[in-house]
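Have the structure open as you read.

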Amino acid sequence: MFGSFRKHQQWIWIVVAAITILSFVVFFSPDAKWKTGSAPKDASGNYGTIDGKPIGMREYNDSYRETLLSHFLRANGKWPDRDEQTQRTLERDTVVRVFLKHKMNDLDIHVSDAAAASLSEQRIGHYQRATVEKDLLAQQGLTWNDFERFWKHEAGLMQLMNVAASSAKLMNPSEAETLWRKDHQEVASEMAVFNASNYVANVVATPEELGRFYTNRMATYRVPERTVVTYVPFTASNFLAKADERIGKMTNFNAAVDEQYIKRSTNDLIHAADGKVDETATKKKIREEIREIIALQEARKTAAEFGNELLDKVSKSQPTLQVFTSFAAAKGYTTKTTEPFDRQNGLTDTNFPPEFETKALNLTATEPISYSPILGEKGVYLIALDHKIPSELPALDKIKDKVTTDYKKFTAANLARSAGEAFYKALTNGLAQKKTFEDVCKQTNAKLVKLPPFSSQTQALPEAENVGIKPDMLKRLALDVNPGHSSKFEPTQEGGLVFYVEKRLPVDETKMKAEMPEFLTRLRLYRQNEAFNQWFRKQAEQAKLQGPQRETKTASTQ
């Protein structure tokens, strides 16, 4: 039902996303300690304050449930994780939502049922209540009332943004045209590139220089502390039978497949050899996709049950790796162990989701088990700390080849930069003598790269990337360098470059005229968002908005 989330433009969620990201620093104490898990259970004003008055328990809990839905939709159909940082964000977003709902009341903003329904239809498409309640809301203990209330307040927040940032809608078309021209005007340019690879052959690594290089960079060669994790995989393919059982009980499964088929874009449909859409094959693929999603849901459910039972067992004893592996064995699950990995380089096995690595690195000897399921694309995981390998510094003779390679690259890069600085001096004199950029390159044996016309909107520059230069660097230089002039020598990790602008090219007036309406809309939205954030900061400061304070920090049990 929600498979089309990723097809929607991300900017439609800009209202709350921008507020919460940019405005926390205004009213939340950086020294506050937080409690993870669900909404706080203290009804004595520990939910935060507005104008010095405590936020009520019911008001906070209603907003917390709406915030869960908001995060689900903004994350393209993924519920928030249960880690501490995410819980902090949820609590902060909840207080922001409570505050904005107060401002909606102050400004007498009320939303009709029809307007709320229209917004939900626009964002997530057509849906059936029974499906939403069973397959979406029930996962988080939410109700249909939460769902309806969420959409009413979402529509109200959009109205609030329009009112609070109304001045930002006034955009001078001539100003928009100037900005469009700046973004789209192309330059004709060249550059001289100085790469370390061209100087490596000139570097001789003597034992003395090598030893000095190693000594000065011991911190670089120190191997960081590494982590080894034992885990239980709940692979989705092992739950396909349960998925089939659930599907067999669905009376509207074929209707759901038909709905997904209708919603899919042409590129997502399977086409036969004659170019026509193969409806049978496409629907078969949709059925299999839904089957895999349900199997993953079953895997997550089983993993959650495993984690909860393990938590109950651990609450009566000390959490250890042995408890984790023994419990898994008793349940009939086989544990696996990762290769050692560190925070800088991460896991070599890229099949794990990012959260696997994040949670694994946060495990400690006193809290060695993570009881919350870690959701991946093909399965779910529960993990425990196996052991940590202390940091160590290898002796030079054990890593001599690596140190030698590093020394040659480092020295070659310095030689390249020296050559680049010398070229810039020669170019300055050459341009003053009316010589061309290409002439100076030939005289100094510098590598000349002729670039195709590009602007700040150009997505790729293969001619630059092929010689190790990032397009963003050239875009920045193109804005600063006047026609007929060059940049100074610009160092890079591999050496450096000198960038020369021959001329700025005329913009495509027809293209500008065609793109201006959408450009103006996006520019107004950006300005509106900025204005709204300024308004929000001011309102939050005046109201002395405070988030829920926490006296103690406890481990999550969810």
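Start at Thr338, which is buried, with a relative accessible area of 8%; buried means under 20% relative accessible area with a 1.4 Å probe, counting protein chains only. This is a predicted model, where local features need pLDDT of at least 70, side-chain atom pairs count only at pLDDT 80 or more, and totals for chains, interfaces and linings use all residues. Residues are numbered from 1 along each chain as its sequence is written, and side-chain values use heavy atoms, with hydrogens and water left out.

Thr338 sits in the loop between strand S5 (336-337) and helix H14. Helices (H or I, at least four residues) and strands (E, at least two) are DSSP runs, numbered from the N terminus. Leaving aside residues up to four places away in sequence, Thr338 touches Thr227, Val228, Val229, Tyr231, Leu347, Phe352 and Phe356; contact means heavy atoms within 4.5 Å.

Phe356 leads us into H14 (residues 354-361), where Glu355, Phe356, Lys359, Ala360 and Leu361 are buried. Among the elements covering them are strands S4 (226-235), S6 (369-375) and S7 (379-389).

How far can you trust the picture? The predictor's confidence in each residue, pLDDT, runs from 0 to 100. The chain's mean pLDDT is 87, and 89% of its residues reach 70 or more. Over residues 551-558, however, the pLDDT is below 50, and it also stays under 50 over residues 40-45. Where pLDDT is low, the predicted coordinates should not be read in detail.

How values were computed
Buried means under 20% relative accessible area, exposed over 50%, partly exposed in between (1.4 Å probe, protein chains only).
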